Amino acid sequence: MGSPTTNSSTENGATANQRPAAEAVAYQGEPLPNVPEDLVVPGILSLDFEERLWVPQAPDVWFRPILFNVSQGYFVNLLRVRRSGILSRHRHSGPVHATVLKGRWHYLEHDWWATEGSHAFEPPATSTPSKCQMGTPLGVEDVFSKLASAKAHYEKVGLGSDYVDQFIR
Ligand SMILES: [Fe+2]
């Protein structure tokens, strides 16, 4: 957090509309109770990390965890898709935010394309048009299923299932 500015205080010799000359000092008080730790995952845009971190999701599709938010029911990850294809019909139980680092994708149901450098927002259930029957769900993917598959993968590749702990909040 940066130093606060003031437009009226004369503390530390600052005059009106000037930044005070005080050195930055970290908060000294008690931490708020029940607040999860901050989380910083470095280097995600370089994509330059070891292959074992990619968790297989489907043929030619992997995800790399960034955040498993089990207390609010969402997850953040990198998604790597290495072939062209069509996703099976699905419905989002919550909003989706997707920033495209490489490549492009779109929905048959919509006019837009999410191209490299784009950010797409999809409101809940947007993937299934009203005229399309949903059918019988074959599976559910949520923060808990993502967490379970990441645990199993990291155990299998020798990182240990508890490797995922750093991403859980
Ligand atoms: Fe979708």
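This is a predicted model: local features need pLDDT of at least 70, side-chain atom pairs count only at pLDDT 80 or more; totals for chains, interfaces and linings use all residues.

**Notebook: chain and sheet**

I began with burial: buried residues account for 6% of the chain's 169 residues. I call a residue buried if 20 or more other C-beta atoms, placed from the backbone, lie within 10 Å of its own.

My numbering starts from 1 along each chain as its sequence is written.

Next I listed the elements and found one helix and seven strands. Both are DSSP runs numbered from the N terminus: helices are H or I with at least four residues, strands are E with at least two. Along the sequence I read β-β-β-β-β-β-β-α.

Then I turned to the sheet. It is open, with three strands in the order β1-β2-β3 and antiparallel pairing; strands pair if DSSP finds at least two bridges between them. At the edges I found β1 (55–58) and β3 (74–81), each pairing on one side only. I noted an average twist of 40° from one strand to the next; axes are lines fitted to C-alpha atoms, for helices over the stretch in contact, and angles run from 0 to 180 degrees between N-to-C directions.

Phe68 has Phe75 in β3 as its bridge partner.

What packs on the sheet? I found helix α1 (residues 143–156) there, touching β1, β2 and β3, with its direction at about 115° to that of β2. Contact here means C-beta atoms, placed from the backbone, within 7 Å.

How values were computed. Two residues are in contact if their C-beta atoms, placed from the backbone, lie within 7 Å. A residue is buried if 20 or more other C-beta atoms lie within 10 Å of its own, exposed if 12 or fewer, and partly exposed in between; C-beta atoms are placed from the backbone.
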